[in-house]
Amino acid sequence: MGDNRPPSERHLPAEVVVLPDTPVERAWERFHVFEALHHRMDIMNPLSSADLDQVVSALDATDGDRVLDIACGHGELLLRLADAAAIEGVGIDLSPWQIARAAARSRRRAMRGSLSWWLGKAEDLPAEPEWDIVLCVGASWIWDGFAGTAQAVVHRTRPGGMIALGDLQRRPDTDPARVPDYEDALTVDEQRRTLQDYGVTPLAEIAGSSGAWEDYQRRIEESAAAYRALYPGPQAEQFYADQAKWAADHVGDEKLMAFTVWVGRVGEPGR
């Protein structure tokens, strides 16, 4: 499918590090629809700004912390952590659209910390405990669900370090058979036990505030409409139709699931 955006908008900033074997050209096409639906957003999931500030507060980053943000999107969580402390942060994402925007946003922002931006697959990063804080908020699909994501972030976090893991959570009164096949939503108790099984002590569970899900869907529609106005044509019309379908899915999903972020400290398994 062709791209009617100006070619200059498909250039990666010089500071973006492209990891080896990253399919850059395919990634431009693969994530084009998400560019259309999210380009106007800072926060690319059903969390409010106040919710994200709670995540930052719970992580309690300190000067010198090395922070990895997996599927960082436009980088807002990492940027707020760099506002709060002189961290050394890395945001990684497979969308060239998003990593380019994250890099551009960081250039315009005065921060205490320093940030780098990597384009590539997070699962290709070494599973070694070399980070003080590891974040993965809203991208559990990379490791096929909550449990796989918990294991992945823990393996990359030093003992005593912190993680933030955001995912859908099945509401207590929801019949598991009603959850769509494409979701692997656990209950709050199942998520807590999973974290504990991987040696994480949960410190905070931050649920999307009232209205955050509806606001997220409104922002998606606004982005899709703005994109259609900026770049009229069949592709933009298809993207707008896609968001309408996703909106219908979200209405049903919200009745069954909530979006939450766990913040916890990594220890030794079984402790």
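Because the model is predicted, local features are taken only where pLDDT is at least 70 and side-chain atom pairs only at pLDDT 80 or more, while totals for chains, interfaces and linings use all residues. Residues are numbered from 1 along each chain as its sequence is written, and side-chain values use heavy atoms, with hydrogens and water left out.

Starting with the big picture, the protein holds 9 helices and 8 strands. Both kinds of element are DSSP runs numbered from the N terminus, with helices (H or I) having at least four residues and strands (E) at least two. Taken along the principal axes, the C-alpha atoms fill a box of roughly 55 × 45 × 35 Å. The radius of gyration is 18 Å, which agrees with the value near 18 Å for a compact globule with 271 residues; this radius is taken over C-alpha atoms, and the globule rule is 2.2 Å times the number of residues to the power 0.38. Of the 271 residues, 53% are buried, where buried means under 20% relative accessible area, exposed means over 50%, and partly exposed lies in between (1.4 Å probe, protein chains only).

In it, 8 strands line up in the order β1-β4-β3-β2-β5-β6-β8-β7, forming an open sheet with mixed pairing. Two strands count as paired if DSSP finds at least two bridges between them. At the edges sit β1 (16–18) and β7 (200–207), each of which pairs on one side only. On average, and with direction ignored, neighbouring strands are turned by 20° against each other. Axes here are lines fitted to C-alpha atoms, for helices over the stretch in contact, and angles run from 0 to 180 degrees between N-to-C directions.

As for cover, β5 is mostly hidden, with 7 of its 7 residues buried.

Helices pack onto this part of the sheet. Helix α6 (residues 146–155) lies across β2, β5, β6 (157–170), β7 and β8 (257–266), and runs at about 160° to β6. Helix α7 (residues 188–197) also packs on the sheet, where it touches β6, β7 and β8, and its direction makes about 160° with that of β6. Together, β5, α6 and β6 build a right-handed β-α-β unit. Right-handed here describes a crossover whose path from the first strand over the helix to the second runs clockwise, with the strands pointing away from the viewer.

Then there are the charged side chains. A search of the whole structure turns up 17 salt bridges, each being a side-chain nitrogen of Lys or Arg within 4 Å of a carboxyl oxygen of Asp or Glu. In one of them, R10 meets E29, with the closest N and O atoms 3.1 Å apart. This pair links distant parts of the chain, since R10 lies in the segment before β1 and E29 in helix α1 (residues 24–30), 19 residues apart. R10 is buried at 18% relative accessible area, whereas E29 is partly exposed at 34%.

Another salt bridge joins R107 to E15, with 2.3 Å between the closest N and O atoms. These two are 92 residues apart, R107 in helix α5 (residues 96–107) and E15 in the segment before β1. R107 is exposed, with 52% relative accessibility, while E15 is partly exposed at 34%.

E222 and R218 form a salt bridge whose closest N and O atoms are 2.7 Å apart. The two are separated by about one helical turn because they are 4 residues apart in helix α8 (residues 212–230). E222 is partly exposed at 35% relative accessible area, and R218 is partly exposed at 39%. Finally, D42, D53, E76, R80, D83, R105 and R109 are tied into a network of salt bridges.

Methods. Contact = heavy atoms within 4.5 Å.
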